[in-house]
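The following paragraphs lead through the fold of one chain, its contact with a partner, and the surroundings of a single residue.

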Amino acid sequence: MKVELNPILCTAHGLCADLLPERIALDEWGYPILEPGELPDDVVAHARRAARACPTRALVLSRG
Amino acid sequence: MTVAIEEPRTTSGSSGRLLSGLTTDSSVGLARHHEVWGPLPGLRATALIDEIESAGLLGRGGAGFPVARKLSAVAAGKGPAVVVANGCEGEPASAKDTMLLARVPHLVLDGIQLAARAVGADRAYLAVHSGSSAIPYLRAALAERGREAVGVTLGPLPRRYVASEESAIVSWLNGGDALPAYTPPRPFERGVNRRPTLISNVESLAQLATIARYGAEWYRGIGDRWEPGTMLVTVSGHRVDGRSVERRVAEVATGTTIGRIFTAAGLSLRGSDAVLVGGYFGSWLPAAQAARLPLTHAALRGAGAALGAGVLVALPPGSCGIAETARVASYLAANSARQCGPCLNGLPAIAGAMNALAAGAWDDRTWPALSRWLDVVPGRGACRHPDGAVRLVASALSTFAADVERHRDGQPCDGITAVPFLPVPR
């Protein structure tokens, strides 16, 4: 599993960085910087929660 | 210094192909076009794609993607296809597509008909920016040709840097805004009117029209072995006599060194510190290094640059590379599609730091901030606009490193008062 961000939809709410700090940091304008690559198993649940919490549906989980 | 003019040049009689019909300052009309090139060849779709494949024609819009592969992908799509000829030339330092469209329109229009035949298209669009100086010539050329196998609609797009991006053109032709999309359906599967769509640069189509007539072997008879043929370049720099700065479009054999291209265009690299290669999404290279580089995608990639759409700009003696880059960075920041946060916020920040550097108005926080922005901004937008802007600025900081030191010490060069050189549309 991977997290993926649609940068057009993202409006920098920043909830994702709170819910998935293992993989997401915010830049100085509040937009997420994603660590690339496959999610380790133990953070998949956090990633799912972060994607569900995203108010603009910009953050999604994708396979492969 | 005088204002830039566009004057087509060919490097030598043998390498002038696309421009070989030009005799005067005016546009090549249909009668003259037929005299030089003959009528449209009667090649069938598969034979045409095979010939383009054997020729090894690479796209001339910037990415250098093999044209035959695109044709095959669109031809394999479901139902009738659409051809979009991209003549938008969003790059302000490039003039070759507009020159080609204005002066040799029939070769491009031939290319559109042939590409439509190759991919099974029943409609075609010729996309240019609104206000393009080529429009009257294209209208005249279309009128001269009358009714053809595939109708061609001339579509003026909004004048914006990112509007010529592929997904932006498709969106606009589908009635939406001319803005890039994040994950658009691939145009060769589902583009204009949800049909398989070929989007091809106008020079690529003109090259295709010559290959359709004379064949792959002829095409490969000139230029680099792996990236053969000729290509149009836009060369800007000062004249050999140093009296003015000019911009010229030249047709050169691929693999010609950048130094020879300047000479052939009647321009000089003498006294220039650096050459901007590949346009505003390109890179500054030290002039001595650039002069020796052959014009191929492979050679320029090897030097950390990119050929792009064939833009070469020599920094005039006395100009400041940092100030010039700062102005272009401001232009690119203002031309963001304003859709993605990192671009919308990052490019103005980067441009601001570059302008501060140019003016010598610098404090201790600016440098770490600029380094961080150059690091975090690329790769996070829906399109490549922020990546290109960052590439340009990063190359300026490295190629003009000695100047950067002086500017940082609060001693900007005299060049910041020089007449602005790189064109920045309002």
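In chain A, residues 24 or more positions apart account for 57% of the contacts with a separation of 6 or more, two residues being in contact if their C-beta atoms, placed from the backbone, lie within 7 Å. This is a predicted model, in which local features need pLDDT of at least 70 and side-chain atom pairs count only at pLDDT 80 or more, whereas totals for chains, interfaces and linings use all residues. Residues are numbered from 1 along each chain as its sequence is written, and chains are lettered from A and ligands numbered from 1 in the order in which they are written.

Chain A contains 2 helices and 4 strands, arranged from the N terminus as β-α-β-β-α-β. Helices (H or I, at least four residues) and strands (E, at least two) are DSSP runs, numbered from the N terminus. Of the 64 residues in chain A, 27% are buried, that is, 20 or more other C-beta atoms lie within 10 Å of their own C-beta, placed from the backbone.

The contact between the chains draws 9 residues from chain A and 10 residues from chain B. On the side of chain A, these comprise 7 nonpolar, 1 polar and 1 charged residues; Ala, Val, Leu, Ile, Met, Phe, Trp, Tyr, Cys and Pro count as nonpolar, Asp, Glu, Lys and Arg as charged, and the others, Gly among them, as polar.

In chain B, R239(B) lies in strand β6 (residues 230-239). Its C-alpha atom is separated by 4.4 Å from that of L267(B), 28 residues apart along the chain.

Note on methods:
A residue is buried if 20 or more other C-beta atoms lie within 10 Å of its own, exposed if 12 or fewer, and partly exposed in between; C-beta atoms are placed from the backbone.
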